[in-house]
Structure formats: C-alpha cells, structure tokens
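Dear colleague,

I am passing on a structure that you have not worked with before, and below it I set out what was found. Please keep it open beside this message as you read.

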Amino acid sequence: MAYSLIISDLHLCAEQPHSMQVFLHFIQQIAPGAEALYILGDLFEYWAGDDDIDDPFNRQITHALHTLSVSGTAISMMHGNRDLLMGQKLAQASGATLLTDPTLLDLYGTPTLLTHGDLLCTDDIAYQDFRKQVHEPIWQQNFLAQPLAQRKAAIAQLRARSENAKKHKNENIMDVNLDAVASMLRQYHYPRMIHGHTHRLKRHLHTVDGHSCERWVLGDWHDTGNALRCDAVGCSWETITF
C-alpha cells in the first residue's frame, strides 16, 4: 500500500551529532519506502540563508535528501520558525519542493492540512509579533543583504534570547490555542490537520461545527526520531532510532 511520511522539528546542527545520525539513517533506510516525504519546518536548528549551502554539514543534509529524491521519493519542505530563510537554491539542491504554510492536500482520499504550527500559538503574543516582523519580505531582504557571518552572529543572539525567554513563559502559552485551531479547521472546511512546532507528540480529536477532525502533532528529534505514516487507511506513528 502506498504511503507518505511526515516529519518536523529535527533541529539539525553540528552540535547535535546524534540527531544527524538518526536523520541519515531515516533518509537512507526508512524513507525510500515512501512515495512522498513531507518536512514541516525546522529541519535545521537555524538557516542563515541559501549562501550557506556549501557548509560541509549543510551539504551533507542536502546530498542525503537529493539522493532520496532521485530514488523516487517526492520531497516537500515547509518553512519553520528556525529555517524561515530557506529558499529555492536549497530546495533545488535537496531535490525538494517548497510548500506554503499552511498547505491543503488530498492525502489518499482524506483532505489534510499541513502547517508548521506556530501560527496556532496565538496566546504567545510576543512571539506572534516577532513572527510577523521576520516574515515581512522587506525585513528578510535587508537581513539577507548582511554578510553571512554577521547573520549567523545575529541568529545566535536571537536563539539565546529565545531560550532565556522560554524559561519565564507559562508552558501553556507556548502550546496551540484551541480557538485558533478551530478557526483554521473551519477556514479549510474541516480537514485532518498535521503540524509540528510544539514538540508535543499526540493525536487529538476536535469537534468543530459538528465536524470531527483529527489533529496530529509531530514531536522533535532530540532523543529519538518520529514520523507520521499516512496511507489510505489512516495515520500511525513510527519511531526512528539508530
């Protein structure tokens, strides 16, 4: 039976070699059995711009993805909050297609809405204000005009401030807002929803305007990898270890 795999929040970086080993194992040994792979954001811990594509660590990732694509697995990538500067050069090197957020598709007969998930965390007002700023084309254009080293230094500062801010935030405001979930499900006519970002791996069931909707939340890859396998029968979790 044909199936697709969906992953998110790998946060790959040279400082976390185990996650990279699990990723490469997944790409080389597991993903080739799928007809499609969807990556719903934060593949990278950060992405400073497509001019960083020749970094040896980044090149290893794009080479692995491109090899998977050539073998026959279609790859689609969505921007996350950590890698929102991924562009067409990266997509081409990876043999992948960039998806808009959110994207609605027919997945083996079931309307399915894919999103990174941070759009749904509306209780975190400070984050949403920041998100709006960095998604502005002019902001991105000005940022990418800076030298690569300068961008990396700025991103490192942002990451440090973000981690510090999380320590003082209520855990609940960093999860999705249920009204925002219902609004998005309603906007797209009550599909199944799949997202990442919160790292809170779980299947939820929502009733919106009398419609029953599944919401699958993908986990991160800090300790072990996880993927959602979807086919004509439905979806199920797969745990990836190495």
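To begin with a pair of helices, α1 passes α2 in a left-handed crossing. Please bear in mind throughout that this is a predicted model. The axes of the two helices, α1 and α2, come within 10 Å of each other and cross at roughly 15°; because angles under 35 degrees count as roughly parallel, α1 is described as roughly parallel to α2. On the side of α1 the contact is made by M20, F23, L24 and I27, while α2 contributes F57, Q60, I61, A64, L65 and L68. Sorted by class, the residues in this contact of α1 with α2 are nine nonpolar and one polar, with no charged residues.

The largest nonpolar core has 39 residues, and the members that touch the most others are F23, F26, L43, I61, L65 and M77. At least two residues of this core come from each of β1 (4-7), α1 (17-30), β2 (36-39), α2 (56-70), β3 (74-78) and α3 (88-94), and α1 gives the most, with six residues. As general background, nonpolar side chains in soluble globular proteins tend to be buried together.

If its neighbours within four places in sequence are left aside, L43 is in contact with L10, H11, L12, F23, I61, L65, M77 and D83. There is also a second, separate core, which has 15 residues and includes L218, L228, C230 and C235.

Two glycines in loops complete what I have to report. G72 is found in the loop between α2 and β3, and with a relative accessibility of 55% it counts as exposed, since the cut-off for exposed is over 50%. Although G72 and P32 are 40 residues apart in sequence, their C-alpha atoms are 7.5 Å apart in space. G109, for its part, has its place in the loop between β5 (103-107) and β6 (110-115), and G109 is likewise exposed, with a relative accessible area of 58%. Along the chain G109 and I7 are 102 residues apart, and their C-alpha atoms are separated by 20 Å.

With best wishes

Note on methods:
Residues are numbered from 1 along each chain as its sequence is written. This is a predicted model: local features need pLDDT of at least 70, side-chain atom pairs count only at pLDDT 80 or more; totals for chains, interfaces and linings use all residues. Side-chain values use heavy atoms; hydrogens and water are left out. A nonpolar core is a set of buried Ala, Val, Leu, Ile, Met, Phe, Trp, Tyr and Cys residues joined through side-chain atoms within 4.5 Å. Buried means under 20% relative accessible area, exposed over 50%, partly exposed in between (1.4 Å probe, protein chains only). Helices (H or I, at least four residues) and strands (E, at least two) are DSSP runs, numbered from the N terminus. Contact means heavy atoms within 4.5 Å. Axes are lines fitted to C-alpha atoms, for helices over the stretch in contact, and angles run from 0 to 180 degrees between N-to-C directions. Angles under 35 degrees count as roughly parallel, over 145 as roughly antiparallel, 65 to 115 as roughly perpendicular and the rest as oblique. A crossing is left-handed if the near helix is turned anticlockwise from the far one by less than a right angle, and right-handed if clockwise. Ala, Val, Leu, Ile, Met, Phe, Trp, Tyr, Cys and Pro count as nonpolar, Asp, Glu, Lys and Arg as charged, and the others, Gly among them, as polar.
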